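This report covers domain layout, helix packing and the ligand shell. The sequence and structure come before the text.

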Amino acid sequence: MHPRISNKEYEYVKEVLDQGFRTSYNGSMNKRLEAAFAEKFGTKFAISFCNGTATLHIALEAAGVGAGDEVIVPPLTMSSTTLAVLHAGATPVYADVDPDTYQISAKAIEKVITPRTKAIMPVALLGMCPDFDAINAIAKKHNLVVIEDDAECFLGKYKGKLVGTLGDMASFSFQASKHLSAGEGGMVITDNEEYAEKLRRYSGLGYGSIGAKKGRILKSDIQNPNYFRHASAGWNYRISDVCAAVALAQTERIEELVENRIESAMKTREVLKDAKWFKEQHTPDDCVNSYWGYAGKLIDDSIKWEDVYNKFVENGGPGFYAAWKLSYQEPFLQQMNLMGREKYMPLMKDMKFPMEGLCPVAESLQPRLMLLKTNYYDAEELNRDLEALYKTVKYFN
Ligand SMILES: Cc1ncc(COP(=O)(O)O)c(C=O)c1O
């Protein structure tokens, strides 16, 4: 198996530190990262960020989404997708998921469109992806922007195309659990120059001199007393050059890092294939799953999730992850704790999200899901965990 961190990551970080953060060099690693990422995905623009939540927020801002607008999101995902909508001052609207792939359902999206809908943020959940042709057809019909949240999907494919090249913009995360990691970090890719310029400007303090590809302010500009810096308001969501150095090395090694996950998933599948009480996440024939984790659901009501978990741990396994609570079930929406920002959000003020009944498929899936780790970089550790899993499967069969 390939190591998570190779000599390359050390080498690039050293390069940054050796430069001592001199501003004349600063940003060069970042530029190399963006160029490498755009090349891997074959897109015109790649703009780096400090994390994969900031990416989603600014993608919405670049698309012109704001107060009074609705954005359609899945409820079954890590809540950053929803939080980004709130950061933009807009309202999240939930579309239910497919019971077999767990991805947001195009049919469910169609049902929740209103005249206020501005964008759809489909998540490529757990390394797989939703039905993008159907989603793009809906977006075209209703003039909506599609922002892919691909934090959990690197090199996944849909009908032969790379996930990340299917919507108007696509967001990735380099947080520690992701296929590529820099500890923290993120990236947005797009072919649309107007979006690219706004992505960079809004995430870079609104600096007027930065365009779709130009990531730096010139020294001659800042040394000029007549220079106006800020063309617009903006956030400071830039990635540090140290994180960019790690992310560049990981981008150059993307194939091997994804290969590790797929290999671990295939071995995990082999052990679970005889478990009568477990059904794996369905990957349609025209999709390539990049297996952020190996996911499936408990299908035997006589077996408790906790009992499988406890037995796996008792057998020496590392446990497995449960699915996140649905975003609308989380306290921040149940109790509408929006940090007082709801006063700027006309649609949110009187909004109430029910605990049950909004997305019945996701609600029934969430407590049944089991997510086994695939981020192994050491065959010995994987084999030890598979042995514990094998004993667990035997016990419950
Ligand atoms: C689907 C999804 N979207 C967004 C994020 C947010 O990324 P970050 O942690 O880099 O902000 C994550 C994971 O962390 C995620 O899994």
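How many Å separate the centres of domain 1 and domain 2, taken over C-alpha atoms? The separation of the two centres is 29 Å. The model is predicted, with pLDDT of at least 70 required for local features and pLDDT 80 or more for side-chain atom pairs, while totals for chains, interfaces and linings use all residues. Residues are numbered from 1 along each chain as its sequence is written.

**Domains**

Domain 1 spans 7-253, and domain 2 is made of 256-323 + 361-396; the bounds come from an automatic or database domain assignment. Contact between them involves 25 residues of domain 1 and 24 residues of domain 2, where two residues are in contact if their C-beta atoms, placed from the backbone, lie within 7 Å. On the side of domain 1 that touches domain 2 there are 13 nonpolar, six polar and six charged residues. In these classes, Ala, Val, Leu, Ile, Met, Phe, Trp, Tyr, Cys and Pro are nonpolar, Asp, Glu, Lys and Arg are charged, and the others, Gly among them, are polar.

**Helix packing**

Helices (H or I, at least four residues) are DSSP runs numbered from the N terminus. Axes are lines fitted to C-alpha atoms over the stretch in contact, and angles run from 0 to 180 degrees between N-to-C directions.

| Pair | Residues | Angle | Axis distance |
|---|---|---|---|
| H1 and H9 | 7-18 and 241-252 | about 150 degrees | 8 Å |
| H2 and H9 | H2: 28-41 | about 30 degrees | 8 Å |
| H3 and H7 | 54-62 and 193-203 | about 125 degrees | 9 Å |

With an angle of about 150 degrees, H1 is roughly antiparallel to H9; the terms used here are roughly parallel for angles under 35 degrees, roughly antiparallel for those over 145, roughly perpendicular for 65 to 115, and oblique for the rest. The crossing of H1 and H9 is right-handed, meaning that the near helix is turned clockwise from the far one by less than a right angle, with left-handed for anticlockwise. Residues of H1 in the contact include Tyr-12, Val-13 and Val-16, and those of H9 include Ala-245, Val-246 and Ala-249. The contact of H1 with H9 has eight nonpolar, no polar and five charged residues.

H2 and H9 are roughly parallel to each other, and H2 passes H9 in a left-handed crossing. Among the contact residues are Leu-33, Ala-36 and Phe-37 of H2 and Ala-244, Ala-245 and Leu-248 of H9. By class, this contact has eight nonpolar, two polar and four charged residues.

H3 is oblique to H7, with a right-handed crossing. Ile-58 and Ala-59 of H3 and Tyr-195, Leu-199 and Tyr-202 of H7 are among the residues that make the contact. The contact of H3 with H7 has seven nonpolar, one polar and two charged residues.

**Ligand shell**

The ligand is surrounded by 14 residues, of which the closest are Asn-51, Gly-52, Thr-53, Ala-151 and Ser-173. Three nonpolar, nine polar and two charged residues form the shell.

Definitions and conventions. Helix = DSSP H or I, 4+ residues; strand = E, 2+ residues; numbered from the N terminus. Near = placed C-beta within 6 Å.
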